[in-house]
Amino acid sequence: MKGLLYEMLRSAKTGSSKSTWKVLIMDKLTVKIMSYACKMADITQEGVSLVEDIFRRRQPLPSMDAIYFIQPTKENVIMFLSDMSGKSPLYKNSPVSKELVGHIKKDSSVLPRIGALREMNLEFFAIDSQGFITDHERALEDLFGDEETSRRGDAVLNVMASRIATVFASLREFPSVRYRAAKSLDASTMTTLRDLIPTKLAAGIWNCLAKHKQSIENFPQTETCELLILDRSIDQIAPIIHEWTYDAMCHDLLNMEGNKYVHVIPSKSGGQPEKKDVLLEEHDPIWLELRHAHIADASERLHDKMTNFLSKNKAAQLQHGKRDGGELSTRDLQKMVQALPQYSEQIDKLSLHVEIARKINDLIREQGLRELGQLEQDLVFGDAGMKDVIKYLSTQEEASREGKLRLLMILATIYPEKFEGEKGQNLMKLAKLSSDDMSAVNNMRLLGSAVDAKKNAPGGFTLKFDLHKKKRAVRKERQEEAAWQLSRFYPMIEELVEKLSKGELPKEDFPCMNDPSPSFHGSTSLSSAASSSQGQAAQSMRSRRTPTWAKPRGSDDGYSSDSVLRHASSDFKKMGQRIFVFIVGGATRSELKVCHKLTTKLKREVILGSTSLDDPPQFITKLKLLTANELSIDDLQI
């Protein structure tokens, strides 16, 4: 995505212009697309000196070339025509209707001034080198809520389908489209919009792709990759359970705004500490190395990095020698390094991550998260039951309100009958939760289908178990050994993507919109499944010149500080066809981590798409909104 945007910015010729600088004019949506992929410094480097909003009054700059990166709407075209001055390449982020092109052609005075008109097909937002969102923050409310209407739901799904299709258009990929089928109890059971979300979205994407096949030059005519469409009901636990990776802990515990962390830097003169906004993103090599590591592993590796830095630094060794011996703590090491101004540039990022890891470990201790995390995972794997939860709620009075709420939400998913009638009220009182909090627990039933709701009424949760069994497991133990405590849990998409790659995903549960050609890797023949499992999948029609679908320009692969990822990056050219997974209703950081993990394991690039990327507090707030008709997201806080 970043490469396509750079290509757009470079394409404005400045040879005949009096100025070497360009103006970039965007609308509300394209500003957001650009901000997800590029920083202002990146845009400036490409010769853009000014970024303007198309709907705001602007100072005329007739001596400068302009690039218009806008949606193909009538309002935008009218604004474009009204302020045309000088030679201006015009870029649309999605297909342009003939009517709008005709509208531009009618103005004969404007045509000579347009340097180029091109459809960019970029109506998605890159959140990661292997992740994107369609920016539908209210998808849960619009599609799963009590007040959901078919008309509004269809409108949301149509926009969603169009945006997802631009991902494939920009990559020149044509997918085999699989989706989770609606399950019907019998012929008399009426399916609802919630049941049909993946089906309708698959149909919408297929319609958009059919148009792309006809209209986009060099668009593949046969399948080059696989797309699996799911919704949040496929795994109700992943958005709630505590995930113990460095990335997930940062966003769960530190009240970050997006990827922005406020770094407090002590004053060297003894004055007030300085506050600095820092972005935790892929350009930071330490973040890239540690983001998917268990927090305990990340902390150990940071301590080792700091120790190694000091051991190789003569000035630091002198300072160390002045001390009275004994092993230094990570905080001592950090203070020592900060006293060496000549090395400040090298150590800034390391010092930042040491502080973040320390804060997270302090919060884990203060909130008793190890005990809570162990109980959560024991519940999921069937090693704990109702009695263990009651014991925890009765004895751990210091546990946070949010921690207890998340525990009850996991319990409700596994034991829905325990929340019927007075039982639910008693659990609420024991946990000292408000009725507002309990609405999040009760609203989890809305993530199930009408069929499952009938079977499990009145709880309405989707998972089915022997109700007489005292302890139930919703995950099977994986053969892989968990290197760290509390790292047993895995999202359901890990299992589904592995089955899809092997050709073992059942077609009755996950039908295909298009019957792939016999040579397509996704065929469920035994020979195809065997070749897939050996990592020799058929190659995509596209060249593998770049290792990831959204690799930043000028990158050295970004894996210089991580030997595992460095070795993985060298294999990208040997990879088979891509796998795309799209989850309606929000994805989690654990699911994004799984896509990175499976890319190496399956030797196929796995890309995660969703309506939004939600951390547990955001997801719980959205669940509360499903039955809060008069409230907005701003009214509810976790």
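Tutor: The questions below concern a predicted model.

Student: How many salt bridges does the structure hold?

Tutor: Side chains of opposite charge can pair when their charged atoms come close. The cut-off applied here is a side-chain nitrogen of Lys or Arg within 4 Å of a carboxyl oxygen of Asp or Glu. By that criterion, the number of salt bridges in the structure is 39.

Student: Arg 291 forms a salt bridge with Asp 128. How many residues apart in sequence are the parts that the pair ties together?

Tutor: The closest N and O atoms of Arg 291 and Asp 128 are 3.0 Å apart, and both residues are buried. Arg 291 lies in the loop between α10 (285-290) and α11 (295-311), while Asp 128 belongs to strand β6 (residues 125-128), so the parts tied together are separated in sequence by 163 residues.

Student: Asp 142 and Arg 152 also meet in a salt bridge. Which elements does the pair link?

Tutor: The N to O distance for this pair is 3.7 Å. Asp 142 and Arg 152 are 10 residues apart, and the elements they link are helix α6 (residues 139-144) and helix α7 (residues 150-171).

Student: Is Asp 142 buried or exposed?

Tutor: Buried means under 20% relative accessible area. Asp 142 has 13% relative accessibility, so Asp 142 counts as buried.

Student: What separates Arg 365 and Asp 362 within helix α14?

Tutor: Arg 365 forms a salt bridge with Asp 362, with 2.4 Å between the closest N and O atoms. The two are three residues apart in helix α14 (residues 344-366), so the separation is about one helical turn.

Student: How many of the 11 residues of helix α21 are buried?

Tutor: Helix α21 spans residues 492-502 and is mostly covered. The number of buried residues in α21 is eight.

Student: How are α7 and α8 oriented to each other?

Tutor: Two packed helices are described by the angle between their axes and the distance between the axes. For α7 and helix α8 (residues 197-215), the axes are 8 Å apart and the angle is about 45 degrees. Angles under 35 degrees count as roughly parallel and 65 to 115 as roughly perpendicular. The orientation of α7 and α8 is therefore oblique.

Student: How many nonpolar residues are in the contact of α7 with α8?

Tutor: α7 passes α8 in a right-handed crossing. The contact includes Leu 157 and Phe 168 of α7 and Ile 205 and Leu 209 of α8. Alongside five polar and two charged residues, the number of nonpolar residues is 12.

Conventions: Residues numbered from 1 in each chain as written. Predicted model: local features only at pLDDT ≥ 70, side-chain atom pairs only at ≥ 80, totals over all residues. Heavy atoms only, no water. Helix = DSSP H or I, 4+ residues; strand = E, 2+ residues; numbered from the N terminus. Buried < 20%, exposed > 50% of the residue type's maximum accessible area, 1.4 Å probe, protein only. Axes fitted to C-alpha atoms, helices over the stretch in contact; angles between N-to-C directions. Parallel < 35°, antiparallel > 145°, perpendicular 65-115°, else oblique. Left-handed = near helix turned anticlockwise from the far one by under 90°. Contact = heavy atoms within 4.5 Å. Nonpolar A, V, L, I, M, F, W, Y, C, P; charged D, E, K, R; others polar.
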